[in-house]
Amino acid sequence: MSLYLLALLAAAVSGVPGLFLRRRGGEVAAGLLGLAALLGLTAALRVLAGGAGGTLLLRTAALGAPGLLVLDPLAAFFSIPVLLLSFCGGLYGVGYWEGHRGHTPILCLVFGLLTASLLMLVMASHALTFLLAWEGMAIAAFLLVMAEDREAETRRAGWIYLAATHTGTLFLFAAFALLAKVQGHWGFGALPAGLAATPGGTALFALFLLGFGFKAGVLPLHFWLPPAHAAAPSHVSALMSGVMLKMGILGIVRFLSWVPDPPSWWGGTLVALGALSGILGVAFALGQHDLKRLLAYHSIENIGIILLGLGLGTLGKATGHPVMQVLGFAGALLHVVNHSLFKGLLFLSAGSVLHATGTRDLERLGGLGRTMPWTSGAFLAGSWAICGLPPLNGFVSEWLIYLGAFRGLGLELGLGRQAWPLVILVSLALIGALALACFAKAFGAAFLGLPRTQAAEQAPESPRTMLLPMGLLALACLAIGVVPALFAPALERVVGVLSGGALGGGTLAGGETLMALAPLRMLTWAAVILALLALLLGRWLRLVPQGRDLPTWDCGYAAADARMQYTASSFADGLVRGLRWALRPVAHLPRVAGWFPHPARYESHVPDPALDRAASPALQLAVRGAGLLRVAQGGALPVYLLYVLLTLLALLVWMVA
Amino acid sequence: MLPAMLQFLLHGLTVLLLPPLLPGLIAKTKALMAGRKGPPVLQLYYDLAKLARKRAVFSRTTTWVFLAGPVGGVAAVLVASCLVPFGHTPAPVSFQGDVILFAYLFGLARFLTILSALDTGSSFEGMGAAREATFSALAEPALFLGFAALAKANASLSLGTMLAFPGSLTARFTGPLILILAGWVIVYLVENSRIPVDDPNTHLELTMIHEVMVLDHSGRPFALVLYGASLKLLVLGALILTPALPRAPQAWQNWLAFYAALAGLAVGVGLVESSMARFRMTKVPQFLVAGVLATAFAFLLMLV
């Protein structure tokens, strides 16, 4: 515990020296974040290995809670991606912000504060600490999104994000107030059995789902996410997408761990939301040609996959089937870590592209594989993992959820619930296939083929400080993918906490361990054989002489150039057209008239309907409504003092009466 | 019963040596149907031997990703071939959940093939890659719905038991099984780029899917591409043949039945190709949705 608190402190002050140092502030911050990662990971791994955690108590009776900060397996588990990604982000920031004018030291400081709030948030076990850390995280992230506030697009993204996150917080305030009313104190802990079935339990579930759903980016509450992730500096996007969204999941997971007897419709709701977010998330991603927006929509998709797992686990808990419970929760939790690893990796490599070429537009990139081989390899590794392809980590977590759903098919779940496992299976299959198409498009358009602009042709490879974090994350993806069995005991312990009651204490019901349910070792063998075969075949290819320096065969035409290349938009066109009922793509067709038409442009994009058609009008309505209240705000100090006096008087009268 | 070692050996030899025969059988069937003599059945073996000795030519646009397609495509399908039983003979490797690994290994092969096509920078290959990605996105649900229906019926997550169990068929499962197989035959035609989805013999690059993705491959990489395609015919063929085959008491009978069924499948594909034309590209998704619906109905029937 003390190690962990030291880590928190190191992260919080990581940006302070940079304020006073003339130079090398970024390096010092990265070093401190590295120290924090070392200390924190030691503490977290010790807890996950079965060691005792710790509790920070504040001796005030008024708070009336068991503890303010608790380092339990769940907290330890969620802190791993926080620590890893903040270190990688800090190191990456050194190179990324080099030559960036303005307020770099402040941004470094805020980055450290964001990390510290995240570390505090995972441990929070009291409404007060939780909301404090939550707000700290929200505001720090807002400041970081606004890093390039000279651009109107960034400012808009920042304000939308701030509005969305505070709307979510509002729901959380209501939820925690209700929780305190139900259990009589503001601490976190198991709720009484039977509560979940009451209207109060339903209200709690709805409020927490709304509040945390905003943060996690569950469809249709995701509208703030794509613009904010696109506008933020890339390592901040990595931290936001990889870790901050997961805090919404952490909230849902914490809540589920308190409820001993969730009704099965909670599981159904989670599955339905997961399927919606997953399928539409990847569908919208297909329509994007801004690399970072595309990645942001994929975060929504992956949150969907996590919710599918959580829903499956909850269904299992509700219907008394530990097999579904264990596999669903294990898959969801592992996907939390996996997604932060590969999405962090993808955002960092996308940032590397942006850094080198100055654009995020896929249609202006191409051929980067030759000038930026390391970045290209990193992006390929990330794409490989996010598509859930073996033998990288994305496959392992999706495999666990698949296994749980397949097992669920054969179990007796009761009328009306039998369909949920099938929904999970088919959604996962569809998401997998669409994600594959989307990342083939993204990687192909940016890194393969011919460079479409001069900037892409002359893009330099990024400095080592940016490549190193990417390599680290790629290695982590590979490790979890190839030897998942190594991580199973820790996962089992966390699933034990989440499952509560029947499965508490790390041992699972009926002696069915995760390893027995899911033969993870076989994946290692598959990976090894696959690698050996690939090596062998690659060797065989190189044994004959090769001819080079010839043009691509373009059906007899020898002067094919980059303008004839298939674009990212064309690649996705078939699927976007097929999904146009949901995506509503907008195309600006060129007007071609007369015998000698002028040069024309064709443009198409997929706007976000949740933002343009729902959130923006709702916000405008709210602003107009707030205008009515402006009558009360004269701006004169005496009037406000009068309000205070009147309120106090009213309270006094109420108290006496 | 044959000893396990011998079974594995037979499985491995089948995977390595048999595949190039299948395209030969298909081509021969088509030729005979059209009243031609046609190339010899072993033509693909000759082609592979020739390509293996030839120099490979690479476009100056390509990178190492260009080779990852053929290499990864064959390697992934070879690993997948260890998981599938050939008729009522045991699969060499079998574990709970191998069915998902099987499906995703094919995903891996497809991903690398698409990337390898995009690496050339050719607009034609980009077009083929886009079609491959689009159509397979619709084939995936059909495949998984079929797996779900089979898993529902016999509560196993392993291809070995899942596919083999209808061999001891009861009347109750006949209807759903026919629907599953109907859906999977569509998946088979899509994944192997056969008529009516794609025409492997067409000479118009604009209308092709799989062939256009490998326009730039030559020499040994192209040999791998051709071998990989025939391997897919075999491995996915085993997927749709195994549930349809009756179980025989002797192992050698099971092997014989599998080889006979495989030859029958190749002839069947040849007959389909001889009797109909390729669909217009816009009709292909409808064809695929038919496959999804067939397997979905199969699952519904399993529920009752």
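User: What is the handedness of the crossing of helix 1 of chain A and helix 3 of chain A?

Analyst: In this predicted model, the crossing of helix 1 of chain A and helix 3 of chain A is left-handed, the term used if the near helix is turned anticlockwise from the far one by less than a right angle.

User: Why is helix 1 of chain A called roughly antiparallel to helix 3 of chain A?

Analyst: Helix 1 (residues 2-12) of chain A packs against helix 3 (residues 25-48) of chain A at an angle of about 160°, and their axes are 8 Å apart. Angles over 145 degrees count as roughly antiparallel, and helix 1 of chain A is therefore roughly antiparallel to helix 3 of chain A.

User: Which residues make the contact of helix 1 of chain A with helix 3 of chain A, and how do they divide by class?

Analyst: Helix 1 of chain A contributes A:Leu3, A:Tyr4, A:Leu6, A:Ala7, A:Ala10 and A:Ala11, while among the residues from helix 3 of chain A are A:Leu32, A:Leu39, A:Gly40 and A:Thr42. By class, the contact has 12 nonpolar, 2 polar and no charged residues.

User: What makes helix 10 of chain A and helix 12 of chain A roughly parallel to each other?

Analyst: Helix 10 (residues 234-258) of chain A and helix 12 (residues 291-319) of chain A pack at an angle of about 20°, with their axes 11 Å apart. Because angles under 35 degrees count as roughly parallel, that description applies to helix 10 of chain A and helix 12 of chain A. The crossing in which helix 10 of chain A passes helix 12 of chain A is right-handed.

User: Which residues meet there, and how do they divide by class?

Analyst: From helix 10 of chain A come A:Ser237, A:Ser241, A:Leu245, A:Ile249, A:Ile252 and A:Leu256, and these meet residues of helix 12 of chain A including A:Lys292, A:Ser299, A:Ile306 and A:Thr314. The contact of helix 10 of chain A with helix 12 of chain A has 8 nonpolar, 4 polar and 1 charged residues.

User: How do you know that strand 3 of chain A pairs with strand 1 of chain B?

Analyst: Strand 3 of chain A and strand 1 (residues 56-59) of chain B run parallel and are joined by 3 bridges; because pairing requires at least two bridges, the two strands count as paired. Within this arrangement, A:Gly547 stands opposite B:Val57.

User: How many residues of chain A and chain B are in contact, and which helix of chain A gives the most?

Analyst: In all, 63 residues of chain A are in contact with 65 residues of chain B. Helix 17 of chain A gives the most to the side of chain A that touches chain B, with 13 residues, and that side has 44 nonpolar, 15 polar and 4 charged residues.

Conventions
Residues are numbered from 1 along each chain as its sequence is written. Chains are lettered from A and ligands numbered from 1 in the order in which they are written. This is a predicted model: local features need pLDDT of at least 70, side-chain atom pairs count only at pLDDT 80 or more; totals for chains, interfaces and linings use all residues. Two residues are in contact if their C-beta atoms, placed from the backbone, lie within 7 Å. Helices (H or I, at least four residues) and strands (E, at least two) are DSSP runs, numbered from the N terminus. Ala, Val, Leu, Ile, Met, Phe, Trp, Tyr, Cys and Pro count as nonpolar, Asp, Glu, Lys and Arg as charged, and the others, Gly among them, as polar. Axes are lines fitted to C-alpha atoms, for helices over the stretch in contact, and angles run from 0 to 180 degrees between N-to-C directions. Angles under 35 degrees count as roughly parallel, over 145 as roughly antiparallel, 65 to 115 as roughly perpendicular and the rest as oblique.
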